[in-house]
Amino acid sequence: MIARILSTPIPMPAGKIPAGKPRRIAPDVLAAVVPGPGRDRLAEGKGEVLAVTTGQQPGLFTGPLYTVHKALSAIALARRLEKERGVPVVPVFWVAGDDHDFAEANHAWVLGRDNEPVKIVLRERPHEAPQLPLFREVLGPDIRGALDALEQALPDAECKPEVRQWLESAYRPDTNLADAAANALQQLLGGRGLAVFRAHDPSAKRAAAPWILRALGETLADGLTPVMVEGRLGRDRLRQEGSDYVTRRSGERFTRAALEQIAADTPERLSPNVLLRPVVEAALFPTVAYCGGPGEMEYLPEAAPLFAALGVAPQAYVPRWSGMIIEARVDKVLQKHGLEPRDFEGTPGALEARFAQADLPPELAASLKALRHDVEARFARISGEVTQLDPTLERTVQSARNAALAGTNEIEKKLVASVKRTQGTVLSQLARARAALAPGGKPQERVLTVASFLARYSGTVLDEIDAEVARWAASL
């Protein structure tokens, strides 16, 4: 069972969420929204709504937990704003299928049967292959192997078959990675009002094309435009050279007329870069707030000149909810040893070493400390005397000092290792807790996928996270 959901706040920037002006959603934009209650709300009645948006690149089995955290943040904030303002506010998840980072999207991590992290990989992309957007990555037969690997990794539980059925219905061999992730999110969170927007859909591209073409006239600090085109080497940034535009990696040259023709015939080849995307998003949706992670909070303000240049009203940037799921078995370990989740931050094994050091006999630990202090003091005195006699020997003295300290540290290291061997039960408990809270030394939400917890605890885990996120939204 789940013991608790722990919030880990992200600093909130100064500012208020703008009032916004409700408006209709264009038909091309609606056509790119996955069918469901969220899409119905975007189109219902007069169709005049506001939107709270968030987004993420697609990933295998919906990717890390923070994808779900983003979506639930947008849902909770939209609920609050709708209640306060008396107008429909729809949470929209922008599936960034244009993204081309396959190495980040091709895998998912789960807690395995032994509560150790297991990596499930769809396939690798050859290094020399074009950097194609993820909506061009058809899952193919590889997805069956990934689903089988997931089932084998997850422990047997009552909800495990439902998780397999959910993912199998979305991640099909004939579907691309972007559409699969969009469909999986819709099935998971659509009932909570989330509208899942497929930004890579041809209809969405047609709607975005005028804004992308206008952005060709803008140059960012790196000397490139905020526009990307799919060329010989895949998705590529454009820079302006005279009246032409040249791709950064492949060196392909396009006239403005050629890019306009691409926008008319194959608009899916054009896409915004990370700074232009929020501008296009606010142009397509009546967006009053975007829920993003800490990294996004740092770079999104850099998009301000693009908003001004393209005449688009900017949205507020709101840090998404951040937190972790603490299972009862893990909470028991924390309580037993007087630990907090933050104690597992940092280099894997550091906490275990601290426990082992604490179990060294006090007299021995004190002797080792005194020995290091004595080595430092004596070599400092010798160094001063030697330097007066022959300055060229100073480096020799320092080398001898370092060797003596290294020997002392090696003694302690081997003693700690010996203690660890006698602490098997404690250390294995700590290792399993680390795997659940900070796998590989990284935050849980940046590694483990939601499927890992749904298989163990069913959809009630989403209810518990949702309740905590609602408290977060009320406190903003």
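This is a predicted model: local features need pLDDT of at least 70, side-chain atom pairs count only at pLDDT 80 or more; totals for chains, interfaces and linings use all residues.
## Burial and helix α10

A residue counts as buried when its relative accessible area is under 20%. The buried residues are Arg-277, Pro-278, Val-279, Val-280, Glu-281, Ala-282, Ala-283 and Leu-284.

The model contains an open sheet of 5 strands, arranged in the order β10-β9-β8-β7-β11 with antiparallel pairing. Strands β10 (253-255) and β11 (270-272) form the edges, each of them pairing on one side only. From one strand to the next, the twist averages 40°.

Strand β9 (residues 244-247) is joined to β10 by 3 bridges, and the two strands run antiparallel. Within this pairing, Tyr-245 has Phe-254 of β10 as its bridge partner. Helix α9 (residues 256-265) packs on the sheet. The strands touched by α9 are β7 (227-231), β8 (234-241), β9, β10 and β11, and the direction of the helix makes about 85° with that of β10.

## Packing of α6 against α7

Helix α6, residues 160-170, packs with helix α7, residues 177-189, at an angle of about 140°, and their axes lie 8 Å apart. Because of that angle, α6 is oblique to α7. The crossing of the two helices is right-handed.

On the α6 side, the contact is made by Trp-166, Ser-169 and Ala-170. These meet Ala-180, Asn-183, Ala-184, Gln-187 and Leu-188 of α7. Classified by residue type, the contact between α6 and α7 comprises 5 nonpolar and 3 polar residues, with no charged residues.

## Loop residues with positive phi

Most residues other than glycine have a negative phi. Thr-62, although not a glycine, has a positive phi of about 75°. Thr-62 is placed in the loop between β2 (50-56) and α3 (65-85), and its relative accessibility of 4% means that it counts as buried.

Asn-115 also has a positive phi, near 65°, and is likewise a residue other than glycine. Its position is in the loop between β4 (107-111) and β5 (117-121). With a relative accessible area of 16%, Asn-115 is buried.

Ala-74 belongs to helix α3 and counts as buried, at 0% relative accessibility. When neighbours within four places in sequence are left aside, Ala-74 is in contact with Val-52, Thr-54, Pro-91 and Cys-291. The C-alpha atoms of Ala-74 and Trp-321 are 9.2 Å apart in space, while the two residues are 247 residues apart in sequence.

Gln-444 is located in the loop between α17 (424-437) and α18 (451-457). The residue is buried, its relative accessible area being 1%. Not counting residues up to four places away in sequence, Gln-444 touches Leu-65, Met-324, Ile-325, Ala-436, Leu-437, Pro-439 and Phe-453.

Notes. Residues are numbered from 1 along each chain as its sequence is written. Side-chain values use heavy atoms; hydrogens and water are left out. Axes are lines fitted to C-alpha atoms, for helices over the stretch in contact, and angles run from 0 to 180 degrees between N-to-C directions. Helices (H or I, at least four residues) and strands (E, at least two) are DSSP runs, numbered from the N terminus. Angles under 35 degrees count as roughly parallel, over 145 as roughly antiparallel, 65 to 115 as roughly perpendicular and the rest as oblique. A crossing is left-handed if the near helix is turned anticlockwise from the far one by less than a right angle, and right-handed if clockwise. Contact means heavy atoms within 4.5 Å. Ala, Val, Leu, Ile, Met, Phe, Trp, Tyr, Cys and Pro count as nonpolar, Asp, Glu, Lys and Arg as charged, and the others, Gly among them, as polar. Buried means under 20% relative accessible area, exposed over 50%, partly exposed in between (1.4 Å probe, protein chains only). Two strands pair if DSSP finds at least two bridges between them.
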